[in-house]
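Here's a friendly walk through one protein model. Take a look at the sequence and structure first, and then we'll go through a few salt bridges and an annotated site.

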Amino acid sequence: MEHETPNYGDYQLEVYLRGLTGVREDLPFTFAELEARAHATLPPDIVSYVAGGAGNEYTQNANVTAFDRWGVIPRMLVGAARRDLSINLFGMALPTPLLLAPIGVIGLCAQDGHGDLATARAAATSGVPMIASTLTVDPLEEVAAQFGETPGFFQLYNPKDRAVAESFVSRAEAAGFKGIVVTLDTLQLGWRPRDLKLGNFPQLKGHCLANYFSDPVFRTKLAKPPEEDVRAAALVWASELSDPTLNWNDLAWLRSLTKLPLLLKGICHPEDAKRAIDGGIDGIYCSNHGGRQANGGIPAIDLLPTVVEAAGGAPVVFDSGVRGGEHIVKALALGASAVAIGRPYAYGLALGGEDGIVHVLRSLLAEADLLMAIDGYPTIADLNPDALHARA
């Protein structure tokens, strides 16, 4: 007799059964405790970089609280004993709608200093794809080698020198990445008071620049190899960080970089979404960078529905402010094709390495799965705006 695949919500049963033998889970189940314990574990400069937002962090905080304006409407007697959280994204069958958002210092969040590799291994274990940042401790080839059967995406910060961008994308293709995510809202650095107070910019110290330092095109710009003068190499990197002149006229060039699925990250306006799709981009990544780049903005979740409509059926990935399973459910109901998380898994990594990330993912999926079961939405297809009630 064929065994049914467990529901993700069954994770709580595992925890309770271990409790019967006196074994209690050491890792937190709430974001608040996860955050507090990780902040006590990580060095202050890493806490500042990961936890900090732009300005007075109004937008960063509003990203989270905006989810509370939506309530899920329970539906009864729908036969929700089995739930299906699987999705199809760019032709890839994925077991869940979760993605691991790109985090530029995730490598430094691990106790061994190789958090990119731990995240990639957690992706392989969980089936949740990692979007690997341009800014990694270990080269993208070594990160991709840890993915196993789980597909991965490469996130590109577009440098001033297009030859470097082309080299990165070519390397990502050769390494086996299945899509490219171009981040558009970091063409200038945001005003981040927490980091300013500490004079803290990890990359200027040479951290998380392995993709640059290992790149044959970038290395031609250096007077000395980074192995001999890392500070000088980091300063060259800073001068090449991003191209602030990038504009819609460059869309054809971006599209020409790869035949892989191409997403634009940072899209929050419906006109921008439509223009991107009309220009040959495969998908939209609706995000305001978690409030890290620009303060005073509208919560990203409030902008998601119009972006989804403008995308005209193209996939829309969403992140910004996702802290729990209910947020995942609400984002899916508002039209997201997939939902990416950031800080929760960074803190899980800080506390428990690869296992800590897997615990965070299983907890988020369990909460989302149980919410769908109890409220009567057994599949993602059942989730739509009619499943939500907007609170005053």
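## Starting at a loop

Asp26 is exposed, at 53% relative accessible area (with a 1.4 Å probe and protein chains only, exposed means over 50%, buried under 20%, and partly exposed in between). Its partner in a salt bridge is Arg37, with N and O 3.7 Å apart (a salt bridge puts a side-chain nitrogen of Lys or Arg within 4 Å of a carboxyl oxygen of Asp or Glu). Asp26 sits in the loop between H1 and helix H2 (31–41), while Arg37 is in helix H2, so the pair ties together parts that are 11 residues apart in sequence. Arg37 is partly exposed, at 28%.

A word on the ground rules: this is a predicted model, where local features need pLDDT of at least 70 and side-chain atom pairs count only at pLDDT 80 or more, while totals for chains, interfaces and linings use all residues. Residues are numbered from 1 along each chain as its sequence is written, and side-chain values use heavy atoms, with hydrogens and water left out.

The structure has 17 salt bridges. Glu14 and Arg18 make one of them, with their closest N and O atoms 3.9 Å apart. Both belong to helix H1 (residues 11–20), 4 residues apart, or about one turn of the helix (helices, H or I with at least four residues, and strands, E with at least two, are DSSP runs numbered from the N terminus). Glu14 and Arg18 also join Glu25 and Arg362 in a network of salt bridges.

Arg162 and Asp250 pair up too, at 2.6 Å between the closest N and O atoms. Arg162 is in helix H7 (residues 162–175) and Asp250 in the loop between helix H11 (230–240) and helix H12 (251–256), so this pair ties together parts 88 residues apart in sequence. Asp250 is buried, at 11%, and Arg162 is partly exposed, at 27%.

## The annotated site

An unreviewed UniProt entry marks Tyr49, Tyr157, Arg192, His289 and Arg292 as "binding site" (positions follow the numbering used here, feature names are shortened, and annotations may be inferred rather than shown by experiment). The lining of the largest cavity includes Tyr49, Tyr157, Arg192, His289 and Arg292 (on a 1 Å grid over the protein atoms alone, a cavity is a set of points where a 1.4 Å probe fits but cannot get out, and lining residues have an atom within 4 Å of a point).

Tyr157 is in strand E6 (residues 153–157), and is buried at 11% relative accessibility. His289, in the loop between strand E9 (283–286) and helix H14 (300–311), is buried at 13%. Leaving aside neighbours within four places in sequence, His289 is in contact with residues including Tyr157, Asp185 and Lys265 (contact means heavy atoms within 4.5 Å).

Technical notes:
On a 1 Å grid over the protein atoms alone, a cavity is a set of points where a 1.4 Å probe fits but cannot get out, and a pocket is an open set with protein on both sides within 12 Å along at least five of seven lines; lining residues have an atom within 4 Å of a point.
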